[in-house]
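Please keep the viewer open as you read.

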Amino acid sequence: MPKVTIDGHSIEVPEGTTILQAARMIGGEIVPPAMCYYSSLKGSGGYCRTCIVRVAQGSAKDPRPMPKPVASCRTPVMDGMVVENITSPEVLEARKGVVEFLLINHPLDCPVCDQAGECDLQNLSFAHGTEKTRYEFPRRTFEKKDIGNYIKLHMTRCILCYRCVKVADQITDERVHGVMNRGDVAEISTYIEKAVENDFSGNMIDVCPVGALTDRTYRFKSRVWFLNPMDAHRDCKKCSGKAVLWMHGEEIYRVTARKDQNAEVKEFICNECRYDKKDVKQWVVEGPRHIDRTSVISANHYEDLNSLKHAIGEQQKKLQEKITQKTSGI
Amino acid sequence: MARKLLLENIDVPGINSMEAYRAHGGYAALEKAMRMKPAEIVEEVKKSGLRGRGGAGFPTGMKWSFIANPPGVPHYLICNADESEPGTFKDRFLMQRKPHLLIEGMIISSFALGANTSYIYIRGEMLYVLHILEKAIQEAYDAGYLGKNILGSGFDLDLYVHPGAGAYICGEETGLIESLEGKRGNPRIKPPFPAVKGLWDCPTVVNNVETIAAVVPVISMGGDEYAKIGIGKSTGTKLISACGHINKPGVYEIELGLPVEEFIYSDQYCGGIRGGRKLKAVVAGGSSVPILPSDLILKTPKGEPRLMSYESLSDGGFQSGTMLGSGGFIAMDETTSIVKNLWNFTRFYHHESCGQCSPCREGTGWMEKVLHKILTGHGTIKDIDLLWDIQGKIEGKTICPLGDAAAWPVASAIRHFRAEFEEYVKNPSKIKDVKHYYRLHDMPVI
């Protein structure tokens, strides 16, 4: 098995693993951010360039460094490869540049955007962006479009990650949308007189890293951090039926698929589960969902009670120990 | 008079027909090649030291030997005739005048690579050249040079010409392959390289028109003989399309190693600068290579005369050198505004960016806007530094070389002509024809 070293952490990974996957196996700070890569979609990644890293040593056989920074999501590891991510100032500078490029034409309308709070671009710019833009020209804008009954397209917010195109290609029966035009006027659009009406089309919303594709049934209903995410499942013939219900009291505001710590959906859900089952009686509620990611959702008052109890217990234990130490010292 | 291999007999009337081409020694190399083994042809090309003429200058023989050989999978040869680099027009000239030279080269190269189907991907705007090529291909089929069992060798080849829809990005080899497959011309992420997974996921070689045409003289004269022409690792002859402020613009065939000074000033080639003016700058190999001021293009930093060869032109790296590139030689006299010229180049790259990866999609447009701002007299010194910063954040961070191609001209223009940018910023009232460049929708928000 090839052994790769990322920022000083070594790990052995199966043949064909990419640098990004290897970094995720190590975990922590050294994981490069990714805006377009999606592990459950084949052939995704390589476009946004936020995950670029420097390969200081190509492999044990050929120790030359790679001449240019590479996209870690699409570069397979070689045995003896040495990768620099956060230890290379050059990479951090380049990443800052990419974030700036992604933001120059982004409307930054987070206060009115439904994605705010669970937006990858928000997290990315918080971590790697600058506080002030150097761009002083009018931003590129597009008309808002309804693409089908359930999805609203805000092309202005799009970063052209191609994830929704890959979802339509790989999960739905037929892709009726794609990228039109080129350069900075390239846009996601449906084909002439076509609407996205497919049993699995709702997943396009889940994979969208920004607020370009939003759920028309949920638009402007609530901020995500005011809702309680609950794991729930139901018997579904089309999909796994495992979903997250975003609830306010007894009311279900929206249903999404379950996202892991990298904000990626592993089991996609069908539109019936997503849009037609808005009554809590139709679901078996398993319990509160813990949101792992650095997000305002996990920072609010609502937390997983069990882990909270555990944490309090630990603290009490420590306090008790301290007190015993002190008393024994006297 | 210098030796001509590709442009030999180019002025013979009717050389674009099979009859005249054959009467002047055409298809003799093919007949010779068909008596050789494919591996021998590859060996000859390796010996010749022929390097890719499309811009990167990668050794052709080595590229051919990289092609993967999985059993039962066909090979493809694609000729990249999507010549769209501003300043480059050598391939068009060659295909228009001597289409059979390219076809002969295609047959020999396909035979060497074991490809039974080959394509010429031609730029959509050159539709009239497509008709010339199609007529020539038909003549080759009729003469038995294409089709089944070519010249009794048992080798079959079908040759197709495919027009693009007019996109610079489809000249990038993987973008070209995507386009040929009928998809959007987005470059692929490498690896895998086309030699392993190219057209229809099969091993594919993509070569420039001039490279494939040069295979014909390599075979007819032998690789060793060909390698004697030129200088050092730059062997053979190269087509240079000279344009700009020179007295005799046109396509010239030079032996690599010709001094740049001789190329510009001798009557045999460019014939000096228009109106006896002074040379200001030269873009030596198509718009994407770094621009050089006259003192650096005529002499290397060490004081040696600069030669037209891959090595000599890149002497000094990007600090003081440039590249031979595709051979689009643009000379500019002292009346030229570098800022206006640069804006024009940047506008081109902005327009041609495919929009796949973020630095190029957003960065090219941003650079264009900043340059336009400087050009119309609204710029500040900070904007020049900003431009420098943006180009640095595009270069080397993109999927394909278009990002680099957009960044290099900006970097070199600021490196060598910063004073001129500052002049635009400090004395906006002196800028000529400002109104010509105004566009209301795109002015900076003040």
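A residue counts as buried when its relative accessible area is under 20%, as exposed when that value is over 50%, and as partly exposed in between (1.4 Å probe, protein chains only). This is a predicted model, in which local features need pLDDT of at least 70, side-chain atom pairs count only at pLDDT 80 or more, and totals for chains, interfaces and linings use all residues. Residues are numbered from 1 along each chain as its sequence is written, chains are lettered from A and ligands numbered from 1 in the order in which they are written, and side-chain values use heavy atoms, with hydrogens and water left out.

As a general rule, most residues other than glycine have a negative phi, and most peptide bonds are trans. The table lists exceptions to look up.

| Site | Feature | Value |
|---|---|---|
| A:D7 | positive phi | about 50 degrees |
| B:Y27 | positive phi | near 65 degrees |
| B:K190 to B:P191 | cis peptide bond, omega | about -5 degrees |
| B:P191 to B:P192 | cis peptide bond, omega | near 5 degrees |

Helices (H or I, at least four residues) and strands (E, at least two) are DSSP runs, numbered from the N terminus. A:D7 sits in the loop between β1 (3-6) and β2 (9-12) of chain A, and its relative accessible area of 12% makes it buried. B:Y27 belongs to the loop between α1 (18-23) and α2 (28-34) of chain B; at 0% relative accessibility, B:Y27 is buried. B:P191 is found in the loop between α8 (173-180) and β4 (204-208) of chain B, and B:P192 lies in the loop between α8 and β4 too.

**Strands of chain A**

Two strands pair if DSSP finds at least two bridges between them. Strand β12 (residues 242-248) of chain A is mostly covered, with five of its seven residues buried. Strand β11 (residues 228-233) of chain A pairs with β12(A) in the antiparallel sense over six bridges, and A:D231 faces A:V244 of β12(A). Strand β13 (residues 251-256) of chain A is also an antiparallel partner of β12(A), over five bridges; here A:L245 is opposite A:V255 in β13(A). Two residues separate β12(A) from β13(A) in a hairpin, and A:G249 in the turn has a positive phi of about 65 degrees.

Elsewhere in chain A, an open sheet of three strands runs in the order β6-β7-β10, with antiparallel pairing. Each of the edge strands, β6 (145-146) and β10 (213-215) of chain A, has a single partner strand, so one side of each is left without a neighbour in the sheet. β6(A) and strand β7 (residues 151-153) of chain A share two bridges in the antiparallel sense, and A:D146 has A:K152 as its bridge partner in β7(A).

**A bent helix in chain B**

What is the bend of α18(B) at B:F417? The helix bends there by about 90 degrees, taken as the angle between axes fitted to the seven residues ending at a residue and the seven starting there. Of the 25 residues in α18(B), 18 are buried. B:D404 lies in this helix, which spans residues 402-426 of chain B, and at 3% relative accessibility B:D404 is buried. Leaving out residues up to four places away in sequence, B:D404 touches A:K68, B:E395, B:G396, B:T398 and B:P409, where contact means heavy atoms within 4.5 Å.
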